[in-house]
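Good morning. Please have the structure open on your screens while I talk.

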Amino acid sequence: MAKDLSKYRNIGIFAHVDAGKTTTTERILKLTGKIHKIGEVHDGAATTDFMEQEQERGITIQSAATSCFWKDYQFNIIDTPGHVDFTIEVYRSLKVLDGGIGVFCGSGGVEPQSETNWRYANDSKVARIIYVNKLDRTGADFYRVVKQVKDILVATPLVMVLPIGVETEFKGVVDLLTRKAWIWDDSGDPFAYTIEEVPEDMKDDVELYREQLIETAVEQDNDLMEKYLEGEEIAIEDVKRCIRKGTRDLVFFPTYCGSSFKNKGVQLVLDGVIDYLPDPTEVNPQPEVDLEGNETGTFAIVDPEKPLRALAFKIMDDRYGALTFTRIYSGTLNKGMTILNTATGKTDRIGRLVEMHANDRIEIDSAQAGDIVAIVGMKNVQTGHTLCDPNEPATLEPMVFPDPVISIAIKPKNKGGNEKMGLALSKMVQEDPSFYVETDQESGETIIKGMGELHLDIKVDILRRTHGVEVEVGQPQVAYRESITKVINDSYTHKKQSGGSGQFGRIDYTIQPGEPGTGFQFESKVTGGNVPREFWPAVQKGFQASIVKGVLAGFPCVDLKVTLTDGAFHAVDSSAIAFEIAARAGYRQSIPKAGPQLLEPIMNIDVFTPEDHMGDVIGDLNRRRGMIKSQSTNPMGVRIKAEAPLSEMFGYIGDLRTMTSGRGQFSMEFDHYAPCPKNVADEVIKATKERELAASK
């Protein structure tokens, strides 16, 4: 039987570290009757944070999916991490959500990470409501945060409630539409509230903000707008309909406030989710693509009768086995049915289906379009794979994951730990596509690569705790690249005669620098058949296989174009392999003459510091070869945006905390590659040579 999808809300909660995202999720679960005793993050007992690392660090690393009910609506909530090294998780979660709650701290306001997450949500076109949390904190100011949303996020907050009292006096909110005050007592019980008339001293403000609210809302409907301008009273139901439309079209974001910790104000946010966030049928359907990644023009329509289309968006290993979190876009998924994974081309049988509640699960027999469920025990599924009906295959648009910028070598502390470590790492790679593992051919070391220092720190931690593998960790290594600066015209002849048929191939070619980000390009301008067409791919293959190792320090060579201009062949002795060898040797011969240079990853850095430490922070960034791009002051302190090489940023969080007495914060993400200064390049090349020498001994 088809479920009523208008009663579904797939929502995510996302925000900066420490804005109270997980606490807010906890409160929602408590209000919806899912948890009886509320877990506190700062006691390390939150329900959705069930990894030890999460409980210990007080941050959410894995997004946990949870279902609950509010006023007979089903909410599927995905709690996402706020830390920048885990933005891949945020990105993944946004992909499968229909709406979100952006949580901002009442005193911290719009912080660096919340900007990144907001930008991601804009890219994914996710409708959101805003919830300004922690209004009981010292320094909290709802109106200032509303202004920051306008100024920093360049978004339109639609204020739905006003706070009654601030900081320690905060006791409730006024609902602008109904002109009613919700006032909680100090027992901390979310249900201990009374609904009263608006306090006298707030009446003017309430009328002012209510008028702004209605004016903004009715712009969504011309007929209502005319009525409003003629002075008619607009019915609340009509206003709500307009707000729903504007929220869905990302014109504005309904804005609420409260204190999750003190259990004040959360109910109105839940009502806002029902009233204004879209149900699964109201969101633009997912485009389908063919196996090459080109859009086919068809969409996965949210309808249980259509062919099955589902996206695996998270893989998690827990004590019951591998869980594949899956969002079903169309069709129905039944226990025991066979599905096709378009990424691997293999079919798989669905063993068990469960609906998740953080750490518990409820077995179900089937799920359908709009649902978010977990499948137990799937093989060979990775994040971003599409699961579909084997008779009507299609792929949902693939997720794109960034290249890693930092690597460290690890080895198990005890001799027999290699196999155990290998198994653990392969599970971790499946769970997190931004985490890579490889073995260094020369030294035999295991290298792990990721998006930042914290990202790899946590991975080492997971190895130790979850998988019981103690490892020794090497120095962090930066993922340098190499490129060339000059155009070179060159020629190479490969000939070998040793009884029987020989090998012969001559190539004339031009190697030139490409535009940044273009990678490797190859074209052939040979005319007249001097190098027959069937050998061109061999020449291309020879060059392409060579660029993985640059000539300076063995880092991959990027952004260059090879043009085959002429050459010669021998009717008997020429073969594809001869031309491939010629290309490989030509690369080694020509690249050293083409002005090779080392490129280093440059990171976008966003630092927040109290104003009295600003000079130290800027001075320190300059010492780290940082370029300051902008700085802006707000009442809480200064935001500094800069670019700096990753190699100079190791251990930065510790230094920043020392400089700012623990109050500074920063986020960093990869931006682009840029040439290294000569003195730095010389150091890197020297260090690489020494490492190779040590490994060869």
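Predicted model: local features only at pLDDT ≥ 70, side-chain atom pairs only at ≥ 80, totals over all residues.

How many cavities of 30 Å³ or more does a search of the whole structure find? The search gives 2. I will take the second largest cavity, which has a volume of about 40 Å³.

Its lining is made up of Ala65, Thr66, Ser67, Asn76, Phe325, Met356, Ile372 and Val373. Sorted by type, the lining residues of this second largest cavity are 5 nonpolar, 3 polar and no charged. Two strands, β2 (64-70) and β22 (372-376), each supply at least two residues of that lining. The largest share, 3 residues, comes from β2.

You will find Val239 in helix α8, residues 236-248. Is Val239 buried or exposed? Its relative accessibility is 1%, so Val239 counts as buried; the limit for buried is under 20%. Leaving aside residues up to four places away in sequence, Val239 touches Leu177, Ile214, Ala217 and Ile234. Val239 and Leu213 are 26 residues apart in sequence, and their C-alpha atoms are 9.0 Å apart in space.

The second residue is Ser483. Ser483 lies in strand β30, which covers residues 481-484. With a relative accessible area of 7%, Ser483 is buried as well. What does Ser483 touch, not counting residues up to four places away in sequence? The list is Cys557, Val558, Gly595, Pro596, Gln597 and Leu599.

That is the end of my part.

Key. Residues numbered from 1 in each chain as written. Heavy atoms only, no water. 1 Å grid on protein atoms, 1.4 Å probe; cavity = no way out; pocket = protein on both sides within 12 Å on 5 of 7 lines; lining within 4 Å. Points joined across faces, edges and corners; volume = space filled by probe spheres on them. Helix = DSSP H or I, 4+ residues; strand = E, 2+ residues; numbered from the N terminus. Nonpolar A, V, L, I, M, F, W, Y, C, P; charged D, E, K, R; others polar. Buried < 20%, exposed > 50% of the residue type's maximum accessible area, 1.4 Å probe, protein only. Contact = heavy atoms within 4.5 Å.
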